[in-house]
Structure formats: structure tokens, C-alpha cells
Amino acid sequence: MFAVPAAGAFAAVTLLGAVATGRAENLLTDGADSSSGSCAVTSYFTDWFTRVSKIQDDQPHWVTPLTTVTPRLEEELRYDQMWESLPGGHTETSYGGGGGKGVELIPFDPIEVIIGVPSWQTINTSPHKDGWTDESFLVKYRLLSANEDNGNYIVTAFMGITVPNGSDNTTSHHFSYSPTIAAGKGWGDFDVQSTLGTSIPDDGGVHTGAGTPLLSNTAFQYRVAKYFWPEVEANYTYWPNGKHEGLNQLFITPGLLLGRIPISGRLGVTIGAGVQIAVTDTPLYHRNIILTARLPF
């Protein structure tokens, strides 16, 4: 049920390998003066958090929104719980969030890799449907950034890949590639984070398929009393082709995030909740209640 197709594994390895190849060569070159290449590898891991802290010092320190993927580079473990109200009175429950939620790492400057953890989904139809969602990976490349003392902005490019290895009831049956550009700007305690991208399945925009939707998300946040981040997001999708051709949906998403609360050293916790509310006539779902928990490290 959950086996990864050979082509999917190859695509995932290729995506992540392309990011690491050039950096790995530099790493070995830098360690050439040592008695063994293993010294450079050891230093790479022992210096991990020092390197990550330096990378993150050069960007704003906002909190990651509920739905909008932040342009910031993060290291965290993330779990989302969602309840979507579907047409016909049904509810789709997602345990884990999927869609790029999982383990986020910063292996090199200025790169982040997200290894998605597939979610378990259930739909209370008759017959009942459930299953694992597809595996996903996301690579971020930070193009420009400045922390709060030097301009408070960031611009980042994303490339995502979804591998169709989920259960029969929940898989998309197609590889999908998601190029995206993201940016953010802050003014004091207020910030705006936004993304614009598309999703391109391997069957292109065939009339009976998912098409190549245009995806846009924007989050408006304001920090209150250090740890409270009330926000409102606008989540928009337009389908120029595919089975939803000509349709669009817009959700307004009020939410509240609490974080980053320190636990020990770099380890912290962020929790939040919100609800997506459809404001257009033909959405794929009418409402989505979201709970989120993150462990930044």
C-alpha cells in the first residue's frame, strides 16, 4: 500500500542530490589539508547548529504562518491536524497535515530542505475512505534577506516535488512539481509573508486531470507581547485547465500563533489554531479547521 515507485525514489534522490552535490565538493576540498576527509565530515555535523544560527541571523525572525509557507529558512519538526468540511456534508480529517509538513533542515547556506511526513486521511463517506497521502519534498533557496536591524525583508525560491506513493484512496497517481517564489517584509511588529507558484503534474493540464493551478497565499501578522502572533491569511487558487478549468477559490484564514517559546537551548515550541473560510461560490471545501504544533530547533 505504501511502497515508493522506483521512479519516485529516483526523482526524490535526484532533487535532493542536486542541492547537495556542489556543497559536498566544497566540504571535501575544505578538509583536504586534514589527515582524513572524515575530519571535515565530523566538523560539518559538530558545527551544525552554530552554522544554522549564523544563517538565520541574516533573516527576519517572524513566526511561520498557519498555511502560507514562510520564505524564511527554518529548522523544526511540524505536525498539523485539519478538519475539512466537504460538499455533501462530509468531513475529511488529516492527521499530520501532509503537503510539506514534517522535518525541516538547513544543511547549507542559503538552503533549506523539507522532508514531508505523509498524513493519514479519513473521509466519512459511505463507504468510508481512508489512507496515507503522497510523500513530498521541498527545497528552499534564499535569494535576498536582511534581519530586523538591516531592512527586515526576505526573498526565497522554492521547488517542491510530490511522489505518488500514497494509498489508493488518497494518492494523486501523478508526480507533481511546484516552483514557487516567496517574499516577506516587516515593519516593526507587523509583517507580510507571501507566495506565488503553480503545481505541474506529470500529465500536464489534461482536461480530466488536476491541471496546473495558480496558487497564491499571503499572511498578515502582528506580534503582541513577544509571543502572540494574531494573523489573517488569504489563500487563493485558480485553475486555468484540468477538471476544474475556469474555477477559483479564495479562503480567508484568521488565526493565532503562540511562539517561539524557549524550552532548552535552541529548542522551542510554537502552537497555533485557525480556520479557513471560503468566500467564493465553488470551493473544493467550505471550511477547514487547523491546529498546528512545531518544535523549532
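R78 is buried in this predicted model, with a relative accessibility of 9%. Its salt-bridge partner is D80, and the closest N and O atoms of the two are 3.0 Å apart. D80 counts as buried because its relative accessible area is 1%, under the 20% cut-off.

**Salt bridges between separate elements**

- Side chains of opposite charge can pair when their charged atoms come close.
- D109 and R142 form a salt bridge with an N to O distance of 3.7 Å.
- D109 sits in the loop between strand 3 (102-108) and strand 4 (111-116), while R142 belongs to strand 7 (residues 135-146), so this pair ties together parts that are 33 residues apart in sequence.
- D109 is partly exposed at 37% relative accessibility, whereas R142 is buried at 7%.
- Another salt bridge joins K140 to E112, where the closest N and O atoms lie 3.4 Å apart.
- K140 is in strand 7 and E112 in strand 4, so the pair links distant parts of the chain, 28 residues apart.
- K140 is buried, with a relative accessible area of 1%, and E112 is buried as well, at 0%.

**Cis peptide bonds**

- Most residues other than glycine have a negative phi, and most peptide bonds are trans.
- The bond between D109 and P110 is cis, with omega of about 5 degrees.
- P110 lies in the loop between strand 3 and strand 4, and D109, the salt-bridge partner of R142, is in that loop too.
- S126 and P127 are also joined by a cis peptide bond, with omega of about 5 degrees.
- P127 is in the loop between strand 5 (120-123) and strand 6 (129-132).

- H173 is not a glycine, yet its phi is positive, at about 70 degrees.
- The loop between strand 8 (153-163) and strand 9 (176-187) contains H173.
- H173 counts as exposed because its relative accessible area is 52%, over the 50% cut-off.
- A225, likewise a residue other than glycine, has a positive phi near 55 degrees.
- A225 is located in the loop between strand 12 (214-222) and strand 13 (228-238).
- With a relative accessible area of 62%, A225 is exposed.

Definitions and conventions: Residues numbered from 1 in each chain as written. Predicted model: local features only at pLDDT ≥ 70, side-chain atom pairs only at ≥ 80, totals over all residues. Heavy atoms only, no water. Salt bridge = Lys/Arg side-chain N within 4 Å of Asp/Glu carboxyl O. Buried < 20%, exposed > 50% of the residue type's maximum accessible area, 1.4 Å probe, protein only. Helix = DSSP H or I, 4+ residues; strand = E, 2+ residues; numbered from the N terminus.
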